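Hi everyone, thanks for making time this morning.

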Amino acid sequence: MSTDQFELDLERSNPTFDFLRGIRKAQASGKSLSSMMMEIFRLRRGRGRLKPDEYFMYELYDDARYTPEAKQTFLGQSNMMFDSPWTEIARDKQIMSALLQGLGLPTPETQAIVHSTRTYPGAAALRGRDDVCRFLRSEANYPIFGKPFDCACSVGTAKITGYDKAEDAVIVGDGHRIPVEKIADLVENLGRAYLFQTLMLPHDSIENLIGPCVSSVRMFVMSDENGCDLFRASWKIPASANDADNFWRAGNMLAGVDVETGKIGRTLIRTGGATEPIETHPITNVKFSEMTFPHWDQMRDVVLSAAKHLPSCHFQGWDVAMTDRGPVLVELEGDGGNPIMEQLCFDSGLLNERYLAIIDRIAEREKEGQADRRKRGRQEFKQSIVSLASAKPSADASPAADEQETVELHDVAELQETAQLQEVAEPKAAEVESETKPAPIVVPGSPGGLQSGANTSVH
């Protein structure tokens with residue numbers, strides 16, 4: 001990887017696909033433009049909220065491959081349906097690694113962390129570019145892999161195999177040499193925290209299938225009151241020229257995996273603006289149809305062991321690699337991640353009965369939570385009124401002041417009755433402000449009295 005490639009990686013995001021190419025392929029299959037437009041419109045209005053480019057990316061115009069019901073199960077990338085608090089937690093690779101290590105689960109070894117204040121057990125704390133230079137020159141145990149720990153999609157990653165003292169440069173994956181100062185500048189310009197980890201090496205059985213590169217499997221787990229289950233799995237296979245296995249990189253491949261047997265199914269290769277089926281690995285010439293992922297049961301067991309510790313994370317997208325030291329949990333997508341991983345190589349999408357039941361239950365709990373918060377607000381309001389009614393005058397108050405400052409209990413009762421009516425009516429969350437205009441309330445101990453406002457807010 002050259003310096004230019006490293007800088008380019010910092011700007012990459014999710015893949016885009018050639019829209020017009022998809023239309024041409026659809027028309028070549030015999031699908032009319034009018035029927036495609038009607039189908040695109042229906043899927044856009046469905047629960048999956050698919051966009052037109054996704055329709056062509058998944059080739060949903062292929063009526064021989066997809067039933068009408070199967071087409072409705074595909075989930076759009078911009079329609080994750082709910083906000084998971086685990087998304088941000090899982091994005092912080094330092095936090096997730098510490099959590100998983102505390103549970104005795106395998107994670108990559110971190111040698112150094114670049115951050116102004118944070119640390120990591122057993123890792124060097126690099127506070128700035130000078131520390132980064134020192135680490136790369138004299139402290140790193142090569143080979144290493146660098147990546148931001150608060151970013152996804154392998155943006156800003158670097159495979160560094162060694163240090164050339166004569167040129168004061170690090171040697172990156174493809175043999176290029178990049179000056180240490182340049183690497184330090186690039187890391188600093190990321191504007192986010194960075195990790196240097198020991199480079200993982202592939203298991204011998206994996207190397208025999210796809211060559212000497214580390215790859216990971218995206219395992220999609222659903223978690224609810226019935227437990228955790230592995231629903232989908234896709235093997236992210238890197239091309240030899242790429243340091244990372246993310247499918248948006250041209251030349252990388254994605255293969256569907258049978259979650260029960262580990263058998264490899266439909267496999268696609270990422271081209272410049274589309275995807276194409278591929279039958280054999282371009283380097284080893286092994287046929288994908290004859291592959292079974294090595295040690296699959298061990299891979300699945302590690303993922304499910306981790307998943308059960310996160311019961312409130314309902315959709316979990318685990319990236320797990322089979323390395324020379326066994327399965328390693330590389331990272332987690334706290335909302336399941338980009339649905340391309342779980343849909344592109346399969347004949348149906350994510351929106352099965354269980355997925356939708358989880359979504360509906362989340363929405364139901366949110367409504368119940370809003371109702372509980374309104375109810376507690378009304379109860380607290382009534383308790384406050386009762387406290388006002390039962391308040392005693394101060395010991396040093398004169399009899400005349402006592403008589404003047406006595407609470408008018410009938411006014412308090414009127415306020416209580418208003419609150420009870422509001423509770424029966426169950427107002428909407430946005431209409432919690434009462435329109436009742438209670439009479440003034442005179443509070444003992446306040447010479448001037450405390451007068452209620454025109455409206456009483458109930459929260």
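Let me begin with an aromatic cluster, made up of Tyr 55, Phe 56 and Tyr 61. Keep in mind that this is a predicted model.

Searching the whole structure turns up twelve aromatic pairs. Take Tyr 58 and Phe 74: their ring centres are 5.0 Å apart and the planes meet at 45°, so this pair is tilted. Tyr 58 sits in the loop between helix 4 and helix 5, and Phe 74 in the loop between helix 5 and helix 6, so the pair ties together parts 16 residues apart in sequence. Both residues are buried.

Now compare Phe 293 and Trp 296. Here the centres are 5.7 Å apart with planes at 70°, so we call the pair edge-to-face. Phe 293 has 3% relative accessibility, so it counts as buried.

That brings us to the nonpolar cores. The largest has 39 residues, and Phe 293 and Trp 296 are among those with the most contacts inside it. Helix 11, residues 296–307, gives the most to this core, with six residues. A second, separate core has 22 residues, including Leu 43 and Tyr 58.

Leu 43 takes us to helix 3. Which of the residues of helix 3 are buried? They are Met 36, Glu 39, Ile 40 and Leu 43.

One last stop, friends: the charged end of Arg 232 sits over the ring of Phe 346, 4.4 Å from its centre.

Technical notes:
Residues are numbered from 1 along each chain as its sequence is written. This is a predicted model: local features need pLDDT of at least 70, side-chain atom pairs count only at pLDDT 80 or more; totals for chains, interfaces and linings use all residues. Side-chain values use heavy atoms; hydrogens and water are left out. A nonpolar core is a set of buried Ala, Val, Leu, Ile, Met, Phe, Trp, Tyr and Cys residues joined through side-chain atoms within 4.5 Å. Buried means under 20% relative accessible area, exposed over 50%, partly exposed in between (1.4 Å probe, protein chains only). Helices (H or I, at least four residues) and strands (E, at least two) are DSSP runs, numbered from the N terminus. Rings of Phe, Tyr and Trp (its six-membered ring) pair if their centres lie within 6.5 Å; planes under 30 degrees apart count as stacked, over 60 as edge-to-face and the rest as tilted. A charge sits over a ring if NZ of Lys or CZ of Arg is within 6 Å of the ring centre and within 35 degrees of the ring normal.
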